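Hi,

Here is the structure I said I would pass on.

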Amino acid sequence: MTPTLQVFLIVSAALFSIGLLAALSRRHAIFILIGIEMMLTAANLNFIAFWRFSPPAQQPVGVMIAIFSIAIAAAEAAVGLAMVIAVYRHYRTTNVDQLDQLKG
Amino acid sequence: MSWIIDHLWLIPAVPFAASLVILSLSKLRRKSAVVLAITGQVVALAMSVLAFLLTLQTQGFRVIQNFTWFTFGEQTLRLGFVLDPLAVAMLVMISLVGLCIFVFSVGYMAEDKNFTRFFAYMSFFSGAMLGLVIANSLLLLFIFWELVGLASYLLIGFWIERPSAAAAAKKAFITTRIGDMGFFLGMLWLYNRSGTLLFYDGGNGCLESAGLALLGASATFIALLIFCGAVGKSGQFPLHVWLPDAMEGPTPVSALIHAATMVAAGVFLVARVYPLFSLGAINGVTSSLTVVVWIGVTTALMAALIAIAQADIKRILAYSTVSQLGLMMVSLGVGGVAAGIMHLLAHGFFKALLFLGAGSVIHGCHGEQDIRKMGGLRRFMPVTFMTYAVGMMALSGVPIFFSGGWTKEEILHATAHWPPSHVPYYLILVGVVLTALYMTRQIIYVFFGNPRAAAERAHESPRVMTMPLIVLAFGAILLSAVLTPAWPWLHGYLAGEPTYVDVARLIQPMLFVSLALVSAGVGVGFWIYRKAGTQDGGRPAEVDPLEYAQPALFRFLANKMWIDELYARTVISFSWMAARFSDWMDRYFWDGLVRGFGAIGQLFGIFTTSVDEHGINAGVDETTAGARGLGRVMSTAHSGQIQTYLGAIAIGMLALLLLYAWLA
């Protein structure tokens, strides 16, 4: 008994919302990164769900997009973590509330 | 030889050029200054003599050289030079007398530290005077007239550290200026009526028949206005007051300018524009000529009376000049133009001689000018005495040998036959007696008797000063050769008539009349003044015999008939009042107006400032405060917090999604 498309979309939307909530309300920089990763995952899930429930195509389009997205997420996570380390080295804090130099 | 006709302008130009060069020299180059001045004068004399020889060729010789100065619109202004017997005779006299005076000045001004400036000014004057006599246009003549007046001003006030000299120079210039106003008005009127200021212009000149015909009745007024200029320049009655004061200048200046030449310019002017005066003459009489006669005779008599009571050697000669000029005017007025000019020429010689002689006396007496402090100088200064005696006899009119006698006789002759009245003739006779009288007085005071005060250490002047005296004395005597009725060559030359020698004409009634008058004058003078300067009966030594006999009359004459004081009370005080009024107006009224306008401008400025300060500035301040407030409000959006920015993005995205869903 495979669930219907709507179930997948709801799960994906829930996952996206949780990710967004994490990105918006956590103080620690790495938690924000986790939230961003979750949002990316939710988007991946969306792609796969639509691919699965669409008529069979020649190429595995959804899968390819998901694989690209995961690769990019990984690269982006690396860069993000590198930036967090750089910021920590300079400001001695990972609390984004204290990183308000661009305040105007 | 005829190149001189084409180059007439050279005659005044050479002394002018000499003057300019001298002015550029330093004060120490005295020798160069003298050489330049005298060379200029010699060259002018040579050219004048050349011109004179040319004019002997024909009777009624007249050569014109006209040129255009500039054009304005359709009219052109033309000037020109003329060469005729009148001009040439004046040229020769001016350059010859000028040369003698220049040589004299080398000795007289030797100790003056402004030696070079003196010769520069004298050369300038010489050039201007020479130009005046050859001018063919009334305008050109006026230009030179003014230049001569300028030279006179500069030379009278030559000793700039003397306030009296400066005042005298100013007086001379202003008094002649009054005359020049009349001259200028006459010139304008003439130009208006006749359309040309050239005298001779191939038939169209203002002195030729075509030009004169255009004038009609205005000729009288024009002539009288031009005569005003002559009255000022020649020191005739109302405007004579500057001439005696002009004696403040150095004696060579008095000799050249105020005896021989510049004051003669007025007489020359009347002779030059004589056709204007004599237009419409009935029996040789017109109203303008009558005015000339009466003014001349008044001047002659008045000045002769004043001269009797003067004590300054130069003042006596100055008044004598005024008197003789009056005589010349009378002569011109009664129709004896040639006689008047002959007297002018002769007067130039012997008056210059007398002034230079006086200069020699002053030099010899170490600067003393009061005749009451001189005496017996004929022993100390023989050459000066002899030449002075020649001059005195020429002036008094001793006939036969001395030129002055012949010319005076001619004038008496002409005046005696004047139709309107015989009064001028009788007054002139009185004038002749007075002339002899005051000259005798002067010569007795200065040269005869016992030496007083300054004369005790007197010495004869150096040869550079006595030589010109001798030359002029000879000139005064030799000139009579061409003046005698036996051979009236000069009269014929000037009037354009042929002459012949006839010794019988030498004996004439007028000759005896004049001989009688002169003897009377000299005799009476000798009788009154023979003990002048020494004690005589109840009269103390320093009191003049005439003063002792008639003190009130003497004081009246000695104070120049109070004419200067009269002018000071009337004309001059009026000018002072006008000047003070103008000053008040300028200082308070016009200046007040200007300051008022300035205040209005200032008010405007104050108003603008306050509008700027309280209106515009305040508005701008409010606006900026508002902008700053708005900025403060808006900057709260720039919190620098990443999560705030993220939240904004999320909300925006949601809004877009909803919009998309709603639209689809």
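A:Lys103 touches B:His638, B:Ser639 and B:Gly640, leaving aside residues up to four places away in sequence; two residues are in contact if their C-beta atoms, placed from the backbone, lie within 7 Å. You'll find A:Lys103 in the segment after helix 3 (61–91) of chain A. Helices here are DSSP runs of H or I with at least four residues, strands are runs of E with at least two, and both are numbered from the N terminus. A:Lys103 counts as exposed because it has 11 C-beta neighbours inside 10 Å. The cut-offs for that: 20 or more other C-beta atoms within 10 Å of a residue's own make it buried, 12 or fewer exposed, and anything in between partly exposed.

Before you go further, this is a predicted model: local features need pLDDT of at least 70, side-chain atom pairs count only at pLDDT 80 or more, and totals for chains, interfaces and linings use all residues. Residues are numbered from 1 along each chain as its sequence is written, with chains lettered from A and ligands numbered from 1 in the order in which they are written.

On confidence, the predictor gives the complex an ipTM of 0.82 and a pTM of 0.75. Chain B averages a pLDDT (the predictor's confidence in each residue, from 0 to 100) of 87, and 98% of its residues score at least 70.

Back to the contact between the chains: eleven residues come from chain A and ten residues from chain B. The chain A side has six nonpolar, two polar and three charged residues. (Nonpolar is Ala, Val, Leu, Ile, Met, Phe, Trp, Tyr, Cys and Pro; charged is Asp, Glu, Lys and Arg; the others, Gly among them, are polar.)

Chain B has 27 helices and two strands. Its radius of gyration, taken over C-alpha atoms, is 38 Å, well over the 26 Å that the globule rule (2.2 Å times the number of residues to the power 0.38) gives for 664 residues, so chain B is more spread out than a compact globule. Along its principal axes, the C-alpha trace of chain B spans about 155 × 65 × 50 Å.

Of the 664 residues of chain B, 49% count as buried. Helix 11 (residues 251–260) of chain B is mostly covered, with ten of its ten residues buried. Two of these, B:Leu256 and B:Ile257, are among the residues that B:Phe125 touches.

Cheers
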